[in-house]
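Let's take a look at this protein together, starting with two residues and then stepping back to the whole chain.

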Amino acid sequence: MYFPLSGFGRVKPENRPTDAPEAGGLAYFCAAGRGAGQVKALGIAVSLRRFSLDFLGLLLVAGGLRPSCARAQAGAPLLRELALRTDTVSYHLSRHVLAMKGEPHLYFTYRRDDETADLLVYPQPDVRKPLRLVRSADFQLLDSLTLAADGTHYRAKLRFRDLTAAQFLRLTFTAPADSAGRPPLSQTVDLLPVTRTTLEFRPTDTELFVGEEKVFDIGSNNPKNVRTTGEWTRGQDIDYRLTQEKGQLRLHVLPNNVGTRILTVRPQTEKPFLTDNNRRLSYALPPIRQDFTVKASRLRFLSVDKKEITLVEATRRQGVELILDNGRTFDLRRTYRIEDQEEPGGELIAELYIRQYLTNDRVLCWLRVYNTHRQTDSYLYIKENDQAKYVTNFNISPKTTISGLSVRHRGGDWTSNNNVNPGETVDVRLDGESLQRARFHFEDVQVVPSDSSIRSDASVVYRVQIPLTSDKKRINIFNAGQPTGFALAVREFQRPHPLDFVSITFGESPRPVTRFNGPILYDRTISDVVFGFNAAGIDTEQQLYGKQYLTFDIRTQNSKGELIEMRTIDNIVVCPDGTSVRAAFYQDKQCQVGNISLNNLLSARKTHDLDDWSTIIITVRHTQSQYTEPGFTQKLELVLKRKMKFDIDVSFPGGLLTRKPGDTGFGSFGGISLAMLGQLSFYHPEKINRLRPYKVGAGFVALNAFNLNSSDTSVERDLGIVILGSVYPTRREAKLSFPLYLGGGWLLSRGKPFFLLGPGIGVRL
C-alpha cells in the first residue's frame, strides 16, 4: 500500500484563513494507530519515482514524528478502523484523515445540513466489551450501535443536525471495564465536514455612479455556507460588502472612481472544501470578477467619516467634528452652506466650517446641523456663494422622542390603554421620531422575538411577556439606560370565570350551580339555601382570571306564581385563594369570607316556611360594570315538590245510582245529594303542581239532601258514611266541574251497607 507522504504540504496563505487545517498522509497515518517504527518501514516502501520528494518530507518530520504518533496511539485504544458512508461514498479513518490545528480529523463530504450517514466501527481485537456511542446534540442516532453477525464490527445509522453551523463535531466511543481490572476505555474521533459551494454572479446592469450604492443578487447552491460580515472593504476602486437576507446572498457595491473598473470579490466559506486531489482544505472560493462602467456626476462626491448625526442643541450650536474628502477648492477658516437641492434658494440643512488639512487628502471640519435629512431623500450640496461646488450625503436624525404608546392584546386591536396583565404576552408599539437608532429596554420584562416586529424611524413594535410573578405596578421603558417617561401599567386580571366555582346547598351535598339545568323538584322541606365559593378553582397555572364580582337575584313565589319576596345582593367579591401565583396581590377587605345563607336575606317567609309548590328563583351573574367583556349568568329554580295532597271537599252528587242488599235490578236513582269528604289528591311526578285526574277520600254523604217535596214517599233520605273514589276533569282553569263518584258505605238510619255510582257537581273557589 502506498501512503502519500508528500501530502505534508500546507494550504497556501492566500487560499485559506488563519484557522485553516493542514492536510497530509502523515496525519491520518498516525491517527490510524501506527507507531514510529511503522513510519520508518513505510519510508523504505516509497515508490522510486517519488522517492526524492517523499523521502525529503520524511526526513523533515522524522524528528517530530514519534511523539505525534505516540499521542495518537494513546488516544485511540478502542478502534482498529472506522468507516463513515454518506450517499455512495465511504470515508475511512485509515485513509481520509486531515490535520486541523494539529489534531487528526476524519473528513467527509456532505450536500445537506441534515445528511444521513451509515457508520461502521471496527474495534481492536483485544476489546471484548461492547462499544457504545455517546450521544451528542450534533447528530441523531437513528439505529443503535449494533454488533454485526460475524462479530468483527459494529454498525449504526445517524443523521447530522445543521452541519454548516456545527462546531467541534466528533464521535465518542466508550467500552466498560473488563474482568482484568483495566479502567473503562474511550476514544474520540474528530469529524471534519466539507462541502462544495458554488457562486454565480450575472448582473443585468453594469453601470454605476460615484457615491451611489447598488445591490446585486448572487446565486449559490449553499448560501448559508458563504461567510458574510456586512462590513465594507476600504480603499478599492469599488468597495463592496456581502450580506444575506432570507437565504439570498446580496452584493452591495459602492464605486469610488470613475472609468471602467474591475470589481474583485473574494468570498470565504464557513465550512471548507477539498482541493489538489483531496489533499488540501480551502476556505477561499474562486474570486468573482466583473467589469463596471463608473460614471461621475456633474459634481464631485465627497465622502464623510460619519454617516449618522443627531440633531440636538449641542450639534446645532457647538457642532460636531467631521472628516471630509478634500474638495481641492476649500479655503481654510471658511464656512460653506449645505442645502438639499442644487438650485439656489434651497433649505439650509447644515453649515460646514473648514478647520485644517489632513495628510491623507482629507480635511477636518466643524459641522453645525439645523434640519433633518435622510440619504434616501436626496443628496446634500455644498455651496459657495449660492453656487453648488460638491455633493455629499449623510443622515441627520432628530433626537429620539416617543410621542405615543399603544398596546395590542392577543386577539384584539391596538389601543392607547397601557394596562397589561401578569403572564400575558402583548405587542407594544412606540410611535415617535428617530426610533430606529434607539436602544429600548423594558424593565424586568422579557422581549420575545417575533417575525412580525416592525422597526422604522416612526414606529417600533416589540412583543413582550409580562412575568406571572411580577411585583411591579409599572414597567418603565428605557432608551440606552435613560427613562423615556413611558411605562406599562400592570393590572391584575379581571375576567369573568365560568360560574362552576359557585356551589349551592339546599339539603344535599354542595354542588356547582352550573350543574343545574331547568327546574329542580325537591320533595322535602328546604331548611336553608347556602351558597359557597371554591376560591381555588378560579386561577390556574395556565389561565388567570382575578377577582370575581357577582350579583345574586333572589325571588320567592307561591304555587300560583305570585311574588312573595325579592332580594338582590350586589358586588359579592370572590378572590382566588393562596394556590394562585397572584394571591399576594388579591388581598382585599371586600373579599367574601365564608358562605351566604338565603334565610339571612329573606324577611317575609323563610325557606322552611314556604307552602307546597312554592318556587325559589335564584339568578347568579357577574356584575357587568366590573368587566369589559360579557360575563356569565346561571339561573336556578327550586320547586317544593309534593307527591300528594289532603283536603276537605264539599260536592253535590246528583243522580246517584245506589244499591242496597236486597234491591232488585240496578238499584234506584236519587236526587241531588251533599257530600263532605276528606280526599287525597295525587300529583303528577314529572309536572309542576299538576294533579292526576283521580282522588280517593272518605266522609259523609247526605242522600237526596235537596229534595224539597217532603210528601213524596218514594224518595228515601239517609246519611251514610262512605269511601269514595272520584274522577275529575284535568282542566285547571275551570271553576265548575262535574266529577264522577264510585264507592260504598253504611247507611246510618237504615243500618245497611250500600254502593253508589254517579256524577256530581264540584265548585273550585
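Is Ser186 buried, partly exposed or exposed? With a relative accessible area of 43%, Ser186 is partly exposed.

## About the model

This is a predicted model, in which local features need pLDDT of at least 70, side-chain atom pairs count only at pLDDT 80 or more, and totals for chains, interfaces and linings use all residues. Residues are numbered from 1 along each chain as its sequence is written, and side-chain values use heavy atoms, leaving out hydrogens and water.

## Ser186

Ser186 lies in strand E10, which covers residues 185–194. Strands (E, at least two residues) and helices (H or I, at least four) are DSSP runs, numbered from the N terminus. Buried means under 20% relative accessible area, exposed over 50%, and partly exposed in between (1.4 Å probe, protein chains only).

## Thr556

Turn now to Thr556, found in strand E41 (residues 548–557). Thr556 counts as buried because its relative accessibility is 0%.

Leaving aside residues up to four places away in sequence, Thr556 touches Glu562, Leu563, Ile564, Glu565, Leu602, Thr615 and Ile616. Contact here means heavy atoms within 4.5 Å.

## The whole chain

The protein chain has four helices and 54 strands. Of its 765 residues, 43% count as buried. Among contacts between residues at least 6 apart in sequence, 62% join residues at least 24 apart.
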